Amino acid sequence: MALSSKDLIGLEHMSQEEITLILDTADAFRAVFDRPVRKVPIMRGKTVVNLFFEPSTRTRISFELAEQRLSADIINFSASSSSLKKGETLRDTAENIAAMKIDMIVMRHSSPGAAQYLADVLDASVINAGDGPHEHPTQGLLDIMTMRHKLGSLDGKKVTIIGDISHSRVARSNIYGLTKLGAEVTLCGPPTMVPGAMEQLGAKVEYDLKKAVRDADVLNILRIQLERQSQMVFPSNREYALMFGIDEDVLRTTKPECFVMHPGPMNREVEISSAVADGPRQVILDQVTNGVAIRMAVIYLLSGGDPGSLAGRG
Amino acid sequence: MDWKSIPQEYLVTNVKLCLGGKLSAKTGYLHVKDGKVKAIGDGELSVENVPTFDGNGAVLSPGFIDVHVHFREPGREEKESIHTGSRAAAAGGFTSVVTMPNTLPPVDSAPMITYQFDRARESGLCRVFPTGAISKNQDGESLTEFGDMVAAGAVGFTDDGTPVMNGSLMKYALQYSKMLGIPVTCHAEDTSLAGSGVMHAGSWSAKLGLPGIPRVAEDSMIYRDCELARATGGHLHVAHISTKGAVDTVRRAKADGINVTAEATPHHFTLNHSHCQTFSPMFKMNPPLREEPDVEAVIAGLCDGTIDCIATDHAPHTVMEKELMFDQAPFGIIGLETALAVGITSLVKAGKLDLGKLVYLMTEAAAKIYNLPGGKLEEGTDADFVLFDPEQQWTVLVDEVQSRSRNSPWLGEKLTGRVKATFMGGRNTWLDKDFS
């Protein structure tokens with residue numbers, strides 16, 4: 001079993017088997033983390049370019065760490081995508097980088113479709129580290145990996161995603177990945193952030209938070225972009241916290257084993273209270289650790305790695 | 001005879017005439033003298049000492065008229081000039097076009113109108129009829145000198161590309177233009193509702209994560225402008241209508257006797273928002289590609305007369321601009337060279353409209369909107385005509401595009417119906433490569 005594409009653009013077009021393969025491979029890498037030497041020589045001599053057209057700290061560091069632990073050579077490139085508007089196109093940038101002979105590009109870009117475009121014009125593997133509000137497949141995978149550790153199989157499990165779904169690449173990748181593994185996904189937030197058309201993605205929309213969390217096995221709480229307030233999408237942080245914020249009172253209405261996730265960075269006391277963020281039912285830092293393992297697995301599999309050979313290394 | 005050396009007087013034979021919305025079943029002729037039609041009709045005409053051209057059985061109709069094109073000159077000649085746009089028009093069988101005023105600077109004064117006429121005359125490949133901007137510098141604040149521009153030859157006024165959000169300005173424009181007997185054309189878009197949208201707001205925008213332009217951004221403005229036309233008695237022309245709601249509003253307005261006309265583009269009666277799933281900016285236009293019920297409503301509007309004519313909204317953009325990501329690329333596609341073929345392929349061949357009606361929507365009906373000459377061929381009219389083969393299949397090839405820009409969603413597509421030769425004032429302006 002191997003991945004069918006040279007690229008990881010999104011979870012929408014990925015099969016259940018491929019997703020499971022990445023998750024299993026990530027589990028094997030995760031085992032390496034507990035050893036004194038966390039580095040494996042799998043990507044020695046290969047070059048990975050991290051192309052970030054949007055600011056990112058967590059995702060970029062997580063990818064860099066994954067690349068380093070696989071012994072790849074790394075180039076980091078950051079630029080604002082708006083500077084590209086004025087002159088050089090993404091194609092120019094990409095072709096220049098490709099001319100230097102590299103094996104893989106990890107890209108974050110503000111435009112939906114940017115990763116697909118790059119993958120179409122380049123022979124190198126492309127990993128989408130977020131293309132605008134479209135997809136963020138490694139985040140989706142690390143979220144699913146974390147859920148799988150807690151729940152075992154995801155088949156029939158209920159996942160509720162709360163927040164600005166409309167503008168969230170995390171939500172889209174979660175929905176595609178989770179539904180493929182048999183989970184039921186419910187989306188919750190104000191209608192200005194969760195338009196009914198989101199049901200087209202295969203999820204249920206529920207505007208009443210109480211109903212949305214009642215039977216959930218997991219709450220995946222998204223970051224509210226505070227600047228959206230000025231765009232009239234919601235009245236105030238205060239009102240958002242009152243209506244959709246997850247605090248201990250909300251958690252008391254859920255199943256006792258229901259746990260809480262957040263892709264970070266958190267707005268404490270807006271979408272999540274500190275008591276919950278630091279409490280016993282969150283797995284937020286597990287998500288961060290799993291993120292490195294997922295990215296190692298994706299890089300490994302896309303560069304032709306044999307998942308079977310990992311067992312011996314672990 | 002060689003089509004390339006057209007004399008002052010000649011006869012075109014072996015053609016099927018398509019006039020007044022009817023395609024003749026018989027073979028006919030056209031007799032041209034000094035740039036005018038001397039005689040036209042079914043059957044045969046024998047004239048002594050006049051060179052004869054064999055039309056090879058092609059359809060001969062009035063030259064097409066496109067009431068909505070962007071020729072970008074002055075200011076954006078890297079996209080298109082009046083000459084290259086005219087060349088594309090001729091290649092598409094067009095002999096007259098109406099240009100939009102959103103050039104750089106915009107066409108907002110009489111000297112600008114005169115300038116565009118002069119440039120078109122130098123080119124000589126197409127009759128170009130400029131419109132003027134509704135507001136000075138297209139800033140939506142105060143009216144331009146409509147009277148002076150009409151005296152210079154402007155055929156209408158429009159805010160195309162920069163919608164008039166100020167209802168009062170639109171009202172005054174309709175009132176004032178009524179005095180001059182010319183239409184005001186609206187690009188119906190409430191920019192506050194359209195926001196940062198780049199495609200139709202619906203299931204595909206939700207999936208793709210691209211910001212959407214809701215139907216109501218168009219519907220509400222068309223409703224407003226129809227009511228302003230009712231209140232003022234001015235002639236409102238609705239550009240590139242794209243939603244079912246807008247078609248319904250125009251239908252009701254016409255039934256109420258409001259002086260409103262409308263046009264639809266080939267892309268809006270052919271393509272829908274699902275094409276955006278490739279993220280190709282060739283499917284990015286404004287108004288955006290809508291849903292299938294909207295496409296059907298536009299076709300129904302063309303069939304029942306709610307929509308008066310077909311116009312392409314020919315909007316050239318450079319390769320570099322259309323290689324940007326979908327959300328960053330400019331709106332618009334070129335359309336002159338594919339209009340007939342797209343119409344034949346998706347309307348005539350699909351059994352929705354007969355060829356005579358399609359030609360009517362691209363000629364006589366279009367001329368009426370802006371009171372243009374042309375659109376008819378009868379004794380004494382300018383010999384503006386086109387010969388086309390409604391059955392020939394061809395593939396749209398990038399190297400054959402005559403526009404300076406290449407931004408067409410039909411590149412590489414196989415279409416039916418090909419323009420063989422175009423004549424303006426009796427002069428040949430386009431000849432297909434295998435037609436002689």
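Helices (H or I, at least four residues) and strands (E, at least two) are DSSP runs, numbered from the N terminus. On this basis A:Ser303 lies in the loop between helix H12 (284-302) and helix H13 (310-313) of chain A. The model is a predicted one: local features need pLDDT of at least 70, side-chain atom pairs count only at pLDDT 80 or more, and totals for chains, interfaces and linings use all residues. Residues are numbered from 1 along each chain as its sequence is written, chains are lettered from A and ligands numbered from 1 in the order in which they are written, and side-chain values use heavy atoms, with hydrogens and water left out.

Burial is judged by relative accessible area: buried means under 20%, exposed over 50%, and partly exposed in between (1.4 Å probe, protein chains only). At 25% relative accessibility, A:Ser303 counts as partly exposed. Contact means heavy atoms within 4.5 Å. Leaving aside residues up to four places away in sequence, A:Ser303 touches A:Met43, A:Lys46 and A:Met104. A:Met14 lies 289 residues from A:Ser303 along the chain, and their C-alpha atoms are separated by 17 Å.

Chain A also contains an open sheet. Strands of a sheet pair through backbone hydrogen bonds, either parallel or antiparallel. Two strands are said to pair if DSSP finds at least two bridges between them. Here 5 strands are arranged in the order S7-S6-S5-S8-S9, and the pairing is parallel. The edges are strand S7 (204-205) and strand S9 (259-261) of chain A, each of which pairs on one side only.

Strand S5 (residues 158-162) of chain A has 4 of its 5 residues buried, so it is largely enclosed by the rest of the structure. On one side, S5(A) pairs with strand S6 (residues 184-188) of chain A in the parallel sense, over 5 bridges. From S5(A) the chain crosses through helix H7 (residues 169-180) of chain A to S6(A), and this β-α-β crossover is right-handed. The term means that, with the strands pointing away from the viewer, the path from the first strand over the helix to the second runs clockwise. Opposite A:Lys158 stands A:Glu184 in S6(A). A:Ile161 has A:Leu187 in S6(A) as its bridge partner. S5(A) also pairs with strand S8 (residues 218-221) of chain A, in the parallel sense and over 4 bridges. There, A:Ile162 is the bridge partner of A:Ile221 in S8(A).

Chain B holds 13 helices and 20 strands. The radius of gyration is taken over C-alpha atoms, and the globule rule is 2.2 Å times the number of residues to the power 0.38. With 436 residues, a compact globule would have a radius near 22 Å; chain B has 21 Å, which agrees. The C-alpha trace of chain B spans about 65 × 45 × 45 Å along its principal axes. Of the 436 residues of chain B, 61% count as buried. Among contacts in chain B between residues at least 6 apart in sequence, 74% join residues at least 24 apart.

Cysteines were examined next. A disulfide is a pair of cysteine sulfur atoms within 2.5 Å. B:Cys226 is in no disulfide, and the nearest cysteine sulfur, that of B:Cys186, is 7.3 Å away. B:Cys226 is buried, with a relative accessible area of 2%. For B:Cys303, the closest cysteine sulfur is in B:Cys309, 14 Å away and too far for a bond. B:Cys303 is partly exposed, at 35% relative accessible area.

Some backbone angles stand out. Most residues other than glycine have a negative phi, and most peptide bonds are trans. The peptide bond from A:Gly264 to A:Pro265 is cis, with omega near -10°. A:Pro265 sits in the loop between S9 and helix H11 (274-277) of chain A. In chain B, a cis peptide bond joins B:Leu104 and B:Pro105, with omega about -5°. B:Pro105 is in the loop between strand S8 (94-99) and helix H2 (110-123) of chain B.

Positive phi values occur as well. Phi of A:Ser71 is near 70°. A:Ser71 is buried, with a relative accessible area of 14%. Phi of B:Asn371 is near 50°. B:Asn371 is exposed, at 53% relative accessible area.
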